[in-house]
Amino acid sequence: MVIRAVLPADTGAPQDVSASSSAHQTKRGAYPAQKPDWANLSILHRNTLPPRSSFVLYSSRDDALSRDPKKAKAQCLSGNHWQFHLANSPFEAPAGFENPAFDSGKWSRIEVPGMWQMQGFGRGPHYTNVQYPFHVDPPHPSYTDNECGSYLTRFRVLDDLRDDQLRLRFEGVDSAFHVWVNGKEVGYSQGSRNPSEFDITEYVTRGEENVLAVRVYQFCDGSYIEDQDQWWLSGIFRDVFLLGFPKKVCFEDVTIQTLLDDEYRNATLIVRVETSAKATVRLQLLDTDGTLISDATATVQEGGKLTADFNTHVKNATLWTAETPYLYKTILSIGEDQFTAHRVGFRKVELKDGLIKVNGNRVVFKGANRHEHHPESGRTVPYEFLKNDLLLMKQHNINALRTCHQPNDPRLYDLADELGLWVMDEADLECHGFEIIEVAALPAEKRKLPFAERQRITRADAAKWLSDNPDWHDAYLDRAKQLVHRDKNHTSVIMWSLGNEAFYGRNHTAMRDWIKSEDPTRLIHYEPDQEAEYMDMYSRMYPDIADIISLAEKDCKQNKKPLVLCEYIHAMGTGPGNIKEYIDTFYNYPQLQGGWVWEWSNHGLATKTKDGTPFYGYGGDFGDVPNDSNFVMDGVLQSDHTPNSGLIEYKKALEPVLIVSTSANTATIINRQDFATLDDLMCIWSVVSESGPVPDVGGELKMPPGIQPGETAELPLPDVNEELHGEALMLLSFRLRSGTLWADAGYELAWAQVPLARNTNLGVPATEGNAPVVAKLSGSMLEIQSHTSQWSVDIARGALCRWRKNGVEVISRPLVPTFYRAPTDNDAPDRSFGKDWRDTLLHLAETKTRGVKWHMEDSGSLVVQMEQKYAPPVLSWSIDLASEYTFGTNGSLAIKIKGIPTGLNLPKTLPRIGVTLGLPKSYQKVEWFGRGPGESYKDMKLSQKVGRHAVQSVGALWSGPEFPQECSNRTDTRWIRIAERTRGKTSLTAQFFVPSEPSTRRLFDFMVSHFDVKDIDEARHPYELEEKGQDATILRLDADHLGLGTGSCGPKTLDQYVLNTAPFEFGILLY
């Protein structure tokens, strides 16, 4: 940290600059009188205490072991008792507000911790991804449009703290602030997501009310290195504490490290204690149950460094891993009234054999990038909300957390230690916006270069602004020191990250060198060091699978450094697709050690329309200009932090146990954990058929004991002798045998299905009569009638426009071939499929009929044949369609459609191939046999079990993306039935068949909703779509459907999941 001399602060607030006694006469002057601290790169902190590890003191041993903050020598100053004033700039803030006599009676109340934009103050939230929201002129922030919040509160020192040194600790203030106590200036600090601590002992009056004044600046020079992909929000957003430290002698800092011997069996606990004066320090080590293991003392002598060192040896130590998070306890004490406790896990992190190893084992990081986000309070995240995030991670097989892109709330690390998560702890540093400037400055021909080539040029130039600029050395190094000192005693933290997307320069090398000297026990990560010249590993964002395989086979092996993907499988909108392919690659190539999904949650902020309709807003919804729109909605959780389909699919790909193969009576399973056996799991089996779950069949299978990580074992499968109806599968569900801190006993972590009986036969309705179908032509309407059904075919438009069963309407809107879907976020970028669809006007294409013929069959059925073209305006391409509708005597309708793409400028891919029709809105009950219950696509389906699923309302099938787009598809469907809710007797059933084998059914996709594709395409918020909801149930049936991929920020859909434009043929049976 750069600690400057204590000087009078320059806050930028109004000052008297006159040269005479008259306020209206002046001969010379300067305004401001001196450079404000918040715009002065040489001032990072004034009068702050040196950074230290995060701990509090207790007055007794038992209180320290309780880890209850309410029992600590600490007084929380957070709450809603703060008064607040907001000005448009520091120069317009009220002068003298820090004076205890200042009249703040008309000021507003504000909650601390909190962001002022989230409490109705100021211009509101502002979202940008890369670009800065202000003029770029480092190190100068804006002097005018730079909101300034003035905070006031009053407090009395608790009796328990009266005799102590008093420290005022801010856990996080965005972006910079000055502090006064009782009208006296205390100091200044910046670094939004880092703590700041001040000694205010001499400023406080015991036994009386004290006035605390804080002035917070929206932007400061440090804002240039806080350009993360998140909302720009301001204020005292983490807790404020008054901490008591004994005056005579106290703990100043504690550093804890653990070492293991070469066999990873015996451990050494190394503890260094810094004190304020000579002292005798006692260290006790206890196991997790509180049994004393060692008890030692050390003396801190005067005259040198005031430190005490402990080396405690533990034989056959129980080691900490993310799978087995065993924690010992340490108690440090001075005398009988000063205690602090830490939890310690013995583990060793190293780069060995070209791999990241913990306790000698290779680790696969199954991670998530977690921004601090709450939909109502922004980066102020309540503890229970934070805890629930980490519980969800564990419940979904996630074992690693990247604190993107700043140190998180300090309480998170305690939870990670306890629950078991590998933490990549990241410095509060990003300056991505300079890349935009450098790209704009490129000559036109270089702007056309492929992204990777262009980035190599722009990154080097962008680094010159700050990262490779020696003027910013102290600012960068301060971010490293703050990070490491605060979190160094957390076992879960196994690597430091120097920040994100700040290019690479000499200042990063300085950060790296200092960290290595201060903490040799952890590895260091930083993605822009593309050649891993300085870092302990290669790192990439959103690469193709082929590229990481190439890197693993070449550079990783040659330089003996592994590769991690600090960001991958971009989870924006519906998706991501092809997760499994990445995970399998991590296990096939040892040098590929996993990655962190981008990202954990959508960052939508709760707001309302003018008429009070609630929704989650994104960039631009708060009048914020410039903005990056919905790019902030890119998580595997919704904005309220409920899981979406992406997280469910991710959990499936990360399963701790996997079925490798099956035979008639055995399944070969593999343990995909890194340390633990599968003994904590039990396997429950059951059977599902087309009739639903088979009753009274199933139970527990005995798992082979002691299956080590990476090992396979044979799991005997039971015989199933019951009569099965249609297709049937055995479900193997792997569940927790006992409860854990993060899930109850019986919680399912993995599953697999084993086929028992196949059924490829097309189901046909029972025949109620064999009288021939009757057809009548009335104008352009061909009226067709069987024993039970009446159909109407519009021969001019070539569409089945109506169907009634026994007088009850079944189809109310025309059944027509359709090929478009509303683009997903992954379809939308220019490099993805959506641009081609737009350029070829696919969204405007319609089916046009050239001719219709019909004839009676000997069987009594009526066959209607249509010659059609699916084509757009303006262009000449088309899909020539030959459609055949067979109206059966049993009331069924068989449709065969053959398509041949032709003409110039054809779209390269098709979103889907199928038909769309409308049923009356009363058709709400949906039942199907296929994958479910959630949405699925060909490259995002493995998390959905094959079975018989049902919902009572169509709305239950809508996955509800917060930015409307294609969603809610179900794939690998065998049949679907939609029934009317009011009567329940009339229904429509659909199956697909192979036209060349009309008795053989095939898998298909469906989507049921109340929304038209055009409305989904045009809506930008869910409430806009809801307003256009149709008075019908829209059914989409697809023979094929394009995959999802991760093209919103990463590779497009893999080739095997692409639906290329080519001839096709399919059949549908409706009854």
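What covers the buried residues of α6? I looked this up first. The cover includes α4 (433-441) and α5 (444-447), where buried means under 20% relative accessible area, with exposed over 50% and partly exposed in between (1.4 Å probe, protein chains only).

**Basis.** I am working on a predicted model, in which local features need pLDDT of at least 70 and side-chain atom pairs count only at pLDDT 80 or more, while totals for chains, interfaces and linings use all residues. Residues are numbered from 1 along each chain as its sequence is written, and side-chain values use heavy atoms, with hydrogens and water left out. Helices (H or I, at least four residues) and strands (E, at least two) are DSSP runs numbered from the N terminus.

**Helix α6.** I listed the buried residues of α6 as R454, Q455, T458, R459, A462 and A463. I then checked the length of the helix, taking the expected span as 1.5 Å times one less than its number of residues. The 13 residues of α6 (residues 451-463) should span 18 Å, and the end C-alpha atoms are 17 Å apart, which agrees.

**Helix α8.** I repeated the check on α8 (residues 506-518). Its 13 residues should span 18 Å, and its end C-alpha atoms are 18 Å apart, which agrees. The buried residues of α8 are N507, H508, T509, A510, M511, W514 and I515. Their cover includes α7 (473-487), β29 (493-497) and β30 (523-525).

**Helices α2 and α3.** At what angle do the axes of α2 and α3 cross? I find that α2 (residues 383-395) and α3 (residues 410-419) cross at roughly 30°, with axes that come within 10 Å. Axes are lines fitted to C-alpha atoms, for helices over the stretch in contact, and angles run from 0 to 180 degrees between N-to-C directions. On the α2 side I noted Y383, L386, K387, L390, L391 and K394, which meet R411, L412, L415, A416 and L419 of α3. Contact here means heavy atoms within 4.5 Å.

**Cysteines.** How many disulfides does a search of the whole structure find? The search returns 0 disulfides, a disulfide being a pair of cysteine sulfur atoms within 2.5 Å. C431 is in none, and the nearest cysteine sulfur, that of C220, is 14 Å away. C1049 is also in no disulfide; the nearest cysteine sulfur belongs to C566, 11 Å away. I also looked up the accessibility of C431: at 1% relative accessibility, C431 counts as buried.

**Open sheets.** I count two strands as paired if DSSP finds at least two bridges between them. Strands of a sheet pair through backbone hydrogen bonds, either parallel or antiparallel.

Another open sheet has 3 strands, ordered β23-β24-β25, and its pairing is antiparallel. β23 (349-352) and β25 (361-362) stand at the edges with a single partner strand each, so one side of each is left without a neighbour in the sheet. β24 (residues 355-358) is joined to β25 by 2 bridges. K357 has R362 as bridge partner.

**Strand β53.** Is β53 mostly covered or uncovered? I find it mostly covered, with 8 of the 9 residues of β53 (residues 912-920) buried. β53 pairs with β48 (residues 813-818) in the antiparallel sense over 4 bridges, where the partner of V816 is T916. β53 also pairs with β61 (residues 1032-1041), antiparallel, over 9 bridges; there the partner of R912 is H1041.

**Strand β3.** I looked up two partners of β3 (residues 79-87). Antiparallel pairing with β4 (residues 108-112) runs over 4 bridges, and F84 has S108 as its partner. β3 is joined to β6 (residues 148-155) by 5 bridges, also antiparallel, and A87 is partnered by C148.

**Hairpin β49-β50.** β49 (residues 846-856) and β50 (residues 862-871) run antiparallel and are joined by 10 bridges. The bridge partner of G851 is E867. The hairpin has 5 residues between the strands, and G860 takes a positive phi near 95°.
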